[in-house]
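Colleague: I'm new to this one. Can you walk me through it?

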Amino acid sequence: MKIVHVVENLNRGGLERVVIDLVLAQRAAGDAPRVVCLFEPGSLAPELTAQGIDVIACRKGAGIDVSALRRLRRALAQDAGDAVVHTHNLLAHDYTALALIGLSNRRLINTRHGMGGNPVGQLRFAVYRLSMRWTHAVVAVCEAARRNLVARERIPSGKVVSVPNGIHVERFIPASTLAHARLAEDLGLPAATQLVGFVGRLNWAKDLPTMIRAFARVCRDRRDVALIVVGDGALRAELAALADSEGVAATIHFLGDRSDVRELLQGFDIFAMSSVSEGYSIALLEACATGLPIVATAVGGNAEIVVDGVNGRIVPPGDPAALAQALETMLADPDRRRAIGSRGRKWALEHATVARMLSGYAALYERPSKAWP
């Protein structure tokens with residue numbers, strides 16, 4: 001089967017990681033996927049081109065870019081009538097829907113990688129709603145997102161299906177004392193330091209100010225703990241300033257964008273997430289795969305990954321006191337942490353694999369046209 005994925009770019013991020021893993025799995029299954037990027041190819045594109053998979057860049061500029069639309073149309077016309085066109089998020093779908101006018105395609109599928117309900121512009125959202133007439137399915141990455149898309153964006157319920165994200169769980173090695181000691185040494189910390197870790201973009205959705213304030217509370221009672229922040233973003237300087245004002249700058253380590261996330265996760269004792277908005281978090285799936293106990297906020301699909309009291313704790317968003325209390329409880333009981341982390345890895349091996357995600361999309365691509373509303 002020919003499959004054309006349309007994304008904004010393939011820079012480092014959860015959405016982009018999902019697309020790359022899905023494309024490579026589709027190639028391995030005998031399909032013929034390729035990727036079209038609205039903007040630049042992105043830093044992760046070589047993972048695909050090295051495998052002989054085409055990545056085409058439309059080089060979109062600011063605003064409505066007609067030239068980029070023409071480039072996208074030419075790329076889609078190569079397989080007109082013979083390919084599934086699979087878009088990712090709103091902007092990619094809106095441009096694709098316009099580019100497909102007058103072209104036939106086997107299927108038009110759109111995956112929304114967040115929770116939906118927050119369109120960024122009236123024109124774009126109007127185009128999106130109009131495109132539903134010839135969009136076969138809208139994929140939500142978790143049940144919470146599926147319900148949100150139906151209730152808040154009024155997408156016909158028969159067109160919205162849930163296909164949870166998957167990762168290569170088998171590539172993640174469980175956390176260990178050896179990896180912990182190595183990471184502590186690299187950071188210049190005593191071996192006994194307990195490491196609370198976070199991985200993600202430093203943006204508003206992750207609400208890291210709440211994380212820092214919660215960690216400051218933890219540090220009032222403990223001196224054997226450090227917070228490791230992996231990732232980069234526009235708020236990095238602001239977050240560093242907040243850590244300084246909270247008196248915890250010396251115990252928070254901003255590592256920036258890293259390519260060795262799997263190895264870093266192995267050194268953590270706890271994975272923490274303070275987001276106010278999430279879809280189906282790849283970072284949480286990776287923490288589960290590494291066998292880490294998790295403290296996460298009750299937003300988006302987090303509670304579909306982390307079952308409170310089973311493989312972690314779920315706390316209210318925007319509540320430093322609740323987050324701090326959950327972290328302190330985890331830090332106080334290493335044996336319970338290990339048991340919780342083990343249950344998380346077992347769940348990931350059963351429910352969070354790329355193979356499971358691939359199967360979900362394959363069934364969707366093959367669904368008979370008459371089955372859609």
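Colleague: How do H3 and H4 sit, roughly parallel or roughly perpendicular to each other?

Modeller: This is a predicted model, where local features need pLDDT of at least 70, side-chain atom pairs count only at pLDDT 80 or more, and totals for chains, interfaces and linings use all residues. Residues are numbered from 1 along each chain as its sequence is written, and side-chain values use heavy atoms, leaving out hydrogens and water. H3 and H4 are roughly perpendicular to each other (65 to 115 degrees counts as that).

Colleague: What angle and axis distance is that?

Modeller: Helix H3 (residues 66-77) packs against helix H4 (residues 90-99) at about 70°, and their axes are 9 Å apart. Axes are lines fitted to C-alpha atoms over the stretch in contact, and angles run from 0 to 180 degrees between N-to-C directions.

Colleague: Which residues make the contact?

Modeller: From H3 they are Leu69, Leu72, Arg73 and Leu76, and from H4 Tyr95, Thr96, Leu98 and Ala99. Contact means heavy atoms within 4.5 Å.

Colleague: Zooming out, how many helices and strands does the protein have?

Modeller: The protein has 15 helices and 13 strands, taken as DSSP runs (helices H or I, at least four residues; strands E, at least two).

Colleague: And what box do the C-alpha atoms fill?

Modeller: Roughly 65 × 40 × 40 Å, along the principal axes.

Colleague: How much of the protein is buried?

Modeller: Of its 373 residues, 55% count as buried, meaning under 20% relative accessible area with a 1.4 Å probe, protein chains only.

Note on methods: Angles under 35 degrees count as roughly parallel, over 145 as roughly antiparallel, 65 to 115 as roughly perpendicular and the rest as oblique. Buried means under 20% relative accessible area, exposed over 50%, partly exposed in between (1.4 Å probe, protein chains only).
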